[in-house]
Amino acid sequence: MTLPLVPNQELSTQGPTVFKTERNQHEVRCGTCGRIIYVEEETFNFVSDAVKSGLDNPFRCALCKEEYDDLVYEG
């Protein structure tokens, strides 16, 4: 069995995704690794406002969040 080239967008539409969905139309970069992630308008506006205000990009992709959580847990 081969997987389709285009991901089934119905499988994962909650939260940020690595591909555009009906909900996640806005592209942002992870503030840690630079990976492109697609988010809904509210998250996009939050990240944009922070960057426009001169702050660091507050958005973290799932992989970077997990890495950070692991580091905090290990102390």
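This is a short chat about a predicted model of one protein chain.

Visitor: What secondary structure does the protein chain have?
Guide: It comes to two helices and two strands, in the order β-β-α-α from the N terminus on, where helices (H or I, at least four residues) and strands (E, at least two) are DSSP runs numbered from the N terminus. Residues are numbered from 1 along each chain as its sequence is written. Because the model is predicted, local features need pLDDT of at least 70 and side-chain atom pairs count only at pLDDT 80 or more, while totals for chains, interfaces and linings use all residues.

Visitor: Which residues make up the largest nonpolar core?
Guide: Val-28, Cys-30, Ile-37, Val-39, Val-47, Phe-59, Cys-61 and Cys-64 make up that core, meaning buried Ala, Val, Leu, Ile, Met, Phe, Trp, Tyr and Cys residues joined through side-chain atoms within 4.5 Å, with buried standing for under 20% relative accessible area and exposed for over 50% (1.4 Å probe, protein chains only).

Visitor: And what is Cys-30 in contact with?
Guide: Leaving aside neighbours within four places in sequence, Cys-30 is in contact (heavy atoms within 4.5 Å) with Arg-35, Asn-57, Phe-59, Arg-60, Cys-61 and Cys-64.

Visitor: Switching to α1, which of its residues are buried?
Guide: Val-47, Ser-48 and Ala-50 are buried in α1. Seen down the axis of α1, the buried residues fall within an arc of 160° (taken from the directions from the helix axis to the C-beta atoms), so they line one face of the helix.

Visitor: What do they pack against?
Guide: The buried residues of α1 pack against β1 (26-29), whereas the face turned away from the buried side carries the exposed residues Glu-42, Phe-46 and Lys-52.

Technical notes. Side-chain values use heavy atoms; hydrogens and water are left out.
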